[in-house]
Amino acid sequence: MACRSPQRPRIPVGSVSNRVTLTRVSRAVDVFAILLLAAAAFSFAFGVHALGDRQDFKAIYLLVIGGLSLKASTEILRPRGGSA
Amino acid sequence: MSTDVPGAISIGAPREAESGAPATGGRGGTVAREGDAPSAADGPEAAQSGAARLGLGDGGAPQALLAAVVAWMITVAPAGFGRGAPVSASVAATLAFLCGIAAPLVAASHRRAARHLGISVFLALVTLTWLLASPSLQPSRLDPVRAAIGGIAWGIFALSWRDRWDVRRQSEPDPDAPLLQARAHLPPLAVAVIAFGALVSLAILVLAWRVRDPDRALLAQAVAVACAVALITAAAGVAVARGRRHTAGARRLSHRAVRQLLVLIVFAVLGAVVMMLR
């Protein structure tokens with residue numbers, strides 16, 4: 001029989017205060033995702049600009065940062081498996 | 001039920017004509033009654049009935065007629081009637097012109113024949129003209145502006161004959177059926193997020209054209225296209241996925257998200273340090 005990890009205490013969803021807290025957390029996550037998206041967009045733009053200015057290291061750095069930011073922005077909005 | 005009955009089917013309104021209603025006053029491209037003089041108060045209906053008297057149907061046929069004439073004038077006539085063009089090319093161009101203007105006129109009464117005449121025969125004769133007058137189509141003799149306008153004209157011509165060959169009858173809407181409601185709405189600012197992603201993607205593509213070095217320019221174009229596609233995709237995902245975390249699990253980020261954030265932070269700090277040391 002597989003050993004299951006101890007379950008974390010679930011938050012009662014029914015109360016009004018918990019709903020308000022969840023909404024605030026959800027909104028903060030949304031804002032963070034948008035900020036990461038904006039960071040990725042500007043990283044890409046400055047990376048291509050640096051590529052034209054013969055600044056190879058800076059270009060690679062910005063492009064990689066943009067890619068990681070883009071990946072993180074979509075990952076944090078993805079629902080947890082089995083918990084939602 | 002067969003739909004190939006030659007009858008009152010126009011290019012623009014095949015369904016109404018197909019429904020089998022008496023087509024005396026409809027939009028189906030049939031001839032209007034004699035003596036129905038359009039008054040000023042009739043407005044668009046009067047114009048439509050006037051077009052029906054000419055046998056042009058209700059909007060699709062004039063469009064096809066105009067598109068065929070414009071495309072022929074811009075791209076076929078200079079080749080078929082230019083200097084050095086053989087007589088056979090002129091004859092083919094003339095026949096193509098006749099087919100192009102005749103097909104929309106007979107589309108109201110003979111739909112299938114009109115489509116064969118306006119599409120198949122017209123395009124065959126145009127191609128024959130171009131083949132016979134191929135010296136007129138040398139790239140050195142082509143005007144780019146006229147070629148561009150001709151391309152647009154052919155695109156409009158294709159759209160003017162956009163109806164399906166087989167006209168399917170649509171069922172009448174049930175007046176008692178309830179209105180379908182959307183199961184979800186877009187989260188707020190979704191359009192703004194998408195617009196932001198699209199605008200920055202365009203800016204990245206424009207920035208790539210500023211690279212002067214040929215080798216770097218090619219690389220910059222490839223990188224810019226990849227970045228633009230990734231940005232548009234991610235922006236669409238973020239715009240739609242927001243606001244779905246109102247559950248208990250929303251308090252915690254997934255392990256993959258935490259890992260991505262850690263990698264991002266570590267890489268950003270290390271890269272910044274290395275850049276400062278350089």
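Helices here are DSSP runs of H or I with at least four residues, strands are runs of E with at least two, and both are numbered from the N terminus. This is a predicted model, in which local features need pLDDT of at least 70, side-chain atom pairs count only at pLDDT 80 or more, and totals for chains, interfaces and linings use all residues. Residues are numbered from 1 along each chain as its sequence is written, while chains are lettered from A and ligands numbered from 1 in the order in which they are written.

B:Leu189 is not a glycine, yet its phi is positive, about 65 degrees. Most residues other than glycine have a negative phi. B:Leu189 is partly exposed, because 15 other C-beta atoms lie within 10 Å. The count sets the class: 20 or more other C-beta atoms within 10 Å means buried, 12 or fewer means exposed, and anything in between is partly exposed, with C-beta atoms placed from the backbone.

Now follow H7(B). Its axis comes within 9 Å of the axis of helix H8 (residues 214-241) of chain B, and the two cross at roughly 175 degrees. Axes are lines fitted to C-alpha atoms, for helices over the stretch in contact, and angles between N-to-C directions run from 0 to 180 degrees. H7(B) is therefore roughly antiparallel to H8(B), a term for angles over 145 degrees. By class, their contact has 21 nonpolar, three polar and no charged residues. Nonpolar covers Ala, Val, Leu, Ile, Met, Phe, Trp, Tyr, Cys and Pro; charged covers Asp, Glu, Lys and Arg; the others, Gly among them, are polar.

Next, look inside helix H5 (residues 111-132) of chain B, where B:Leu125 lies. B:Leu125 is buried, because 23 other C-beta atoms lie within 10 Å. Leaving out residues up to four places away in sequence, B:Leu125 touches B:Ala92, B:Leu95, B:Ala96 and B:Cys99. Contact means C-beta atoms, placed from the backbone, within 7 Å. B:Leu125 and B:Leu95 are 30 residues apart in sequence, but their C-alpha atoms are 7.1 Å apart in space.

Finally, turn to chain A. It has two helices and zero strands. Of its 84 residues, 37% are buried. A:Arg54 lies in the loop between helix H1 (16-52) and helix H2 (56-75). Its phi is positive, near 65 degrees, in a residue other than glycine. Is A:Arg54 buried or exposed? A:Arg54 is exposed, because 11 other C-beta atoms lie within 10 Å.

Terms used. Contact = placed C-beta atoms within 7 Å. Parallel < 35°, antiparallel > 145°, perpendicular 65-115°, else oblique.
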